[in-house]
Amino acid sequence: MRTWIPDERFLPYMTWKQVEALPRDRALVVLPTAAIEQHGHHLPLATDTLLNNYLLGHALRRLPADLPVYALAPVCYGKSNEHIGFPGTFSLARDTFVSVLRDLGASLKAGGFRKLVFFNSHGGNHSLVDVMARDLRAELGLTTFCLFGGGPASGLSAQEAKYGFHAGEVETSLLLDATPDLVATDHYTASYIRRVGDPGTLMPEFAYATYAWLTRDVSPTGVMGDPAPSTAEHGRRWRDEMAGCIAQALVEMAAFEHTQP
Ligand SMILES: [Zn+2]
């Protein structure tokens with residue numbers, strides 16, 4: 001697996017004695033959570049895992065050298081059953097995914113660390129990661145955080161900004177910058193789960209009234225969005241914007257402590 005994480009911030013490259021010597025009581029450890037799942041006809045299965053590593057790596061490079069923030073190896077498999085039926089999607093069951101996060105949190109605590117942030121890059125993991133951040137706070141007393149991507153991408157059409165869920169302009173542009181050899185630019189397809197301006201209050205996401213959906217209900221190719229306008233230049237700009245947002249959040253998390261009321 002390619003990695004953009006700086007070596008000096010990548011825990012798996014250290015010996016246990018080097019880990020022991022870290023300022024573990026105040027260090028912030030990042031656990032990336034991602035997916036191996038279909039991303040249409042034009043992007044690889046590892047898209048969410050690659051983008052996670054790419055954005056996190058560029059964010060970590062922006063941190064002050066003395067800020068104790070370290071990354072773990074990613075949980076590459078996630079809760080991806082919305083893409084089931086597309087060969088190449090490998091999904092963990094809810095309980096499996098939750099157990100992996102709990103076990104890694106317990107290992108972190110046993111190793112003398114106190115602070116954990118989940119950096120998630122796959123929408124299907126979102127709600128479970130949220131629950132586990134709270135559970136590890138309640139059950140283990142860890143100080144836990146969630147980071148979901150790197151904030152909204154600037155300059156998208158309203159349609160793509162709202163409904164470019166999967167393998168659309170943002171993911172495609174980011175990968176055109178990160179790993180252009182893995183993007184099949186002659187195999188773009190487009191479909192949307194809904195149109196901006198459609199009547200009604202029932203929404204697929206981000207609303208008070210929602211319905212559960214599977215990708216096969218929506219898109220024969222697996223794409224939800226339109227990759228056609230994607231460029232590496234857009235990807236580079238969004239990478240920088242997102243890495244800046246992620247770095248800012250990590251700085252605040254590293255300084256954060258719960259205070260008694
Ligand atoms: Zn994705």
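This is a predicted model: local features need pLDDT of at least 70, side-chain atom pairs count only at pLDDT 80 or more; totals for chains, interfaces and linings use all residues.
Q: What is the strand order in the open sheet?
A: The order is β2-β1-β3-β4, an open sheet of 4 strands with parallel pairing. Strands (E, at least two residues) and helices (H or I, at least four) are DSSP runs, numbered from the N terminus. Two strands pair if DSSP finds at least two bridges between them.

Q: Which strands stand at the edges?
A: β2 (69–71) and β4 (143–148) do. Each has a single partner strand, so one side of each is left without a neighbour in the sheet.

Q: And how much is the twist?
A: The twist averages 25° from one strand to the next. Angles run from 0 to 180 degrees between N-to-C directions, and axes are lines fitted to C-alpha atoms, for helices over the stretch in contact.

Q: How many bridges does β1 have to β3, and how many to β2?
A: β1 is joined to β3 by 6 bridges, and to β2 by 3 bridges. Both pairings are parallel.

Q: What about β3 and β4?
A: Strand β3 (residues 115–120) pairs with β4 in the parallel sense over 6 bridges. Phe118 is opposite Cys146 in β4.

Q: Which helix packs on the sheet there?
A: Helix α4 (residues 126–140) packs on the sheet and touches β1 (28–33), β3 and β4. Its direction makes about 165° with that of β4. Residues are in contact if their C-beta atoms, placed from the backbone, lie within 7 Å.

Q: Is β1 buried or exposed?
A: β1 is mostly covered, with 6 of its 6 residues buried. Buried means 20 or more other C-beta atoms within 10 Å of a residue's own, exposed means 12 or fewer, and partly exposed is in between. Leu28, Val30 and Pro32 are buried on one side of β1, and Val29, Leu31 and Thr33 on the other.

Q: Which residues have the most contacts inside the largest nonpolar core?
A: Val29, Val30, Leu56 and Ile246 do, in a core of 63 residues. Helix α2 (residues 47–61) gives the most to this core, with 7 residues. A nonpolar core is a set of buried Ala, Val, Leu, Ile, Met, Phe, Trp, Tyr and Cys residues joined through C-beta atoms within 7 Å.

Q: What does Val30 touch?
A: Not counting residues up to four places away in sequence, Val30 touches several residues, including Leu56, Val69 and Phe119.

Q: New topic: at what angle do α6 and α8 pack?
A: Helix α6 (residues 169–178) and helix α8 (residues 232–255) pack at about 95°, with their axes 7 Å apart. That makes α6 roughly perpendicular to α8. Angles of 65 to 115 degrees count as roughly perpendicular, under 35 as roughly parallel, over 145 as roughly antiparallel and the rest as oblique.

Q: Where is Ala167, and why does it count as buried?
A: Ala167 lies in the loop between α5 (158–163) and α6. Ala167 counts as buried because it has 28 C-beta neighbours inside 10 Å. Its phi is positive, about 60°, although Ala167 is not a glycine.

Q: And Phe206, buried or exposed?
A: Phe206 counts as exposed, with 7 C-beta neighbours inside 10 Å.

Definitions and conventions: Residues are numbered from 1 along each chain as its sequence is written. Two residues are in contact if their C-beta atoms, placed from the backbone, lie within 7 Å.
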